[in-house]
Amino acid sequence: IMSWLGGGPTIPVLRFTGPIGMATPLRPGLSIATIAGAIERAFSFKRAPAVAVVVNSPGGSPVQSRLIFQRIRALAAERSKRVHVFCEDVAASGGYLLALAGDEIYADESSSWPANG
């Protein structure tokens, strides 16, 4: 996929922001049910060589984190795409597990995630 400016390929971006699982009864957080469609769409770009994932999450449900992680890895393998993860302010707990779905992980020195203390 070429960008509209005629540059290189367009890379789909998934943004995982907020708590994983139920944030409050009226405001669900990230879960496989709420983001499965976005994950599928990102990996459906046939000519995109990779998918970018931006993580900014304090974590939450270990089960939902693992389900999201597994879906990303399964689609990456099935569609032969690399996954590049960018950790923003925080990628802790389940957010860290989401980051591990990447083939490459990029984090600022100031990002709060296990490798940075």
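Strands β4 and β5 pair in the parallel sense, over seven bridges. In this pairing Ser57 stands opposite Ala91 of β5. The link between the two strands runs through helix α2, and this β-α-β crossover is right-handed. The model is a predicted one.

**The next pair.** Strand β5 (residues 82-91) also joins strand β6 (residues 104-107). These two strands run parallel, and four bridges hold the pairing. The chain passes from β5 through helix α3 (residues 94-99) to β6. This β-α-β crossover is right-handed. The table lists bridge partners across β5 and β6.

| Residue | Bridge partner in β6 |
|---|---|
| His84 | Glu104 |
| Phe86 | Tyr106 |
| Cys87 | Ala107 |

**The sheet as a whole.** Four strands make up an open sheet, in the order β1-β4-β5-β6, with parallel pairing. Which strands stand at the edges? They are β1 (13-17) and β6. Each has a single partner strand, so one side of each is left without a neighbour in the sheet. On average, neighbouring strands of this sheet are turned by 20° against each other, direction ignored. In a regular strand, side chains alternate between the two faces of the sheet.

**Helix on sheet.** Helix α1 lies across β1, β4 (50-57) and β5. Its direction is at about 155° to β1.

**Helix on helix.** Helix α1 (residues 32-43) also meets helix α2 (residues 62-78). Their axes come within 11 Å and cross at roughly 15°. That makes α1 roughly parallel to α2, because angles under 35 degrees count as such. The crossing is right-handed.

Which residues of α1 meet α2? They are Ile32, Ile35, Ile39, Glu40 and Phe43. On the α2 side, the contact is made by Gln64, Leu67, Ile68, Arg71, Ile72, Leu75 and Ala76. By class, this contact has nine nonpolar residues, one polar and two charged.

**Putting it together.** Strand β5 pairs with β4 over seven bridges and with β6 over four. Strand β6 stands at an edge of the sheet.

Key:
Residues numbered from 1 in each chain as written. Predicted model: local features only at pLDDT ≥ 70, side-chain atom pairs only at ≥ 80, totals over all residues. Heavy atoms only, no water. Axes fitted to C-alpha atoms, helices over the stretch in contact; angles between N-to-C directions. Parallel < 35°, antiparallel > 145°, perpendicular 65-115°, else oblique. Left-handed = near helix turned anticlockwise from the far one by under 90°. Contact = heavy atoms within 4.5 Å. Nonpolar A, V, L, I, M, F, W, Y, C, P; charged D, E, K, R; others polar. Pairing = 2+ DSSP bridges. Right-handed = clockwise from strand over helix to strand, strands pointing away.
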